[in-house]
Amino acid sequence: AFARALRPKDHEIDMWSSAVNLFSKTVLGTKAGLELASVEHGASDLLFGPLPDYCKALVIAGDCGTVNPILDGPNDGVVSVSETLLDSPHSHLTLWAPHNLLPDHPAAVR
C-alpha cells in the first residue's frame, strides 16, 4: 500500500526503490517486506488471482484515524481502509488497531 500510494516519477525511481526497500524491510520484515515491495501496482491479481465466488472472505482493516497522512482517509499507518475493500463479495471488519497489531486483536482472533 505504501509503495502504491507514492508511486515515483521516472527520474526518481532509484531513490524511490531504496526508500521503499528500507521502509518495507523495517516495518514489515525482510521476507514479507521484500516480497510486497517487488509487486508492481495492479499485478497482485496476476500473482494471487481473484477470490473464487464460493470463497467466503473476511477482510480486516485497521483504523486509527489518519495515522499516515500520505494515505487517503482513515488508515492503520500502512494501508487505508478504502484499499481493503474488494471487488468480489466479502465480509469487512474495521478495528481500532495499527497494522502490526491486527493479527493479535481479540476481535480478529475470534
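Is Asn-75 buried or exposed? Select Asn-75 to begin: its relative accessibility is 0%, so the residue counts as buried (buried means under 20% relative accessible area, exposed over 50%, and partly exposed in between, with a 1.4 Å probe and protein chains only).

**Before you go further**

You are looking at a predicted model, in which local features need pLDDT of at least 70, side-chain atom pairs count only at pLDDT 80 or more, and totals for chains, interfaces and linings use all residues. Residues are numbered from 1 along each chain as its sequence is written, and side-chain values use heavy atoms, with hydrogens and water left out.

**Stop 1: around Asn-75**

Asn-75 sits in the loop between strand 1 and strand 2. Now show its side chain together with Asn-68 and Gly-73. The Asn-75 side chain reaches the backbone nitrogen of Asn-68 at 3.1 Å, and it reaches the backbone oxygen of Gly-73 at 3.1 Å. Leaving aside residues up to four places away in sequence, Asn-75 touches Gly-62, Asp-63, Cys-64, Gly-65, Thr-66, Val-67, Asn-68, Ser-80 and Val-81 (touching, or contact, means heavy atoms within 4.5 Å).

**Stop 2: Cys-55**

Next, select Cys-55, in the loop between helix 4 (44-48) and strand 1 (58-62). Cys-55 is partly exposed, with a relative accessible area of 30%.

**Stop 3: the whole chain**

Switch to a cartoon view. You can find five helices and two strands, running α-α-α-α-β-β-α from the N terminus (helices are DSSP runs of H or I with at least four residues, strands are runs of E with at least two, and both are numbered from the N terminus). Of the 110 residues in the protein, 25% are buried. Among contacts with a separation of 6 or more, 43% join residues 24 or more positions apart.

**Stop 4: colour by confidence**

Colour the model by pLDDT (the predictor's confidence in each residue, from 0 to 100). The mean for the protein is 75, and 54% of its residues reach 70 or more. Where pLDDT is low, the predicted coordinates should not be read in detail.

Definitions and conventions
Polar contact = N/O pair within 3.5 Å; in protein donor to acceptor, adjacent residues only side chain to side chain.
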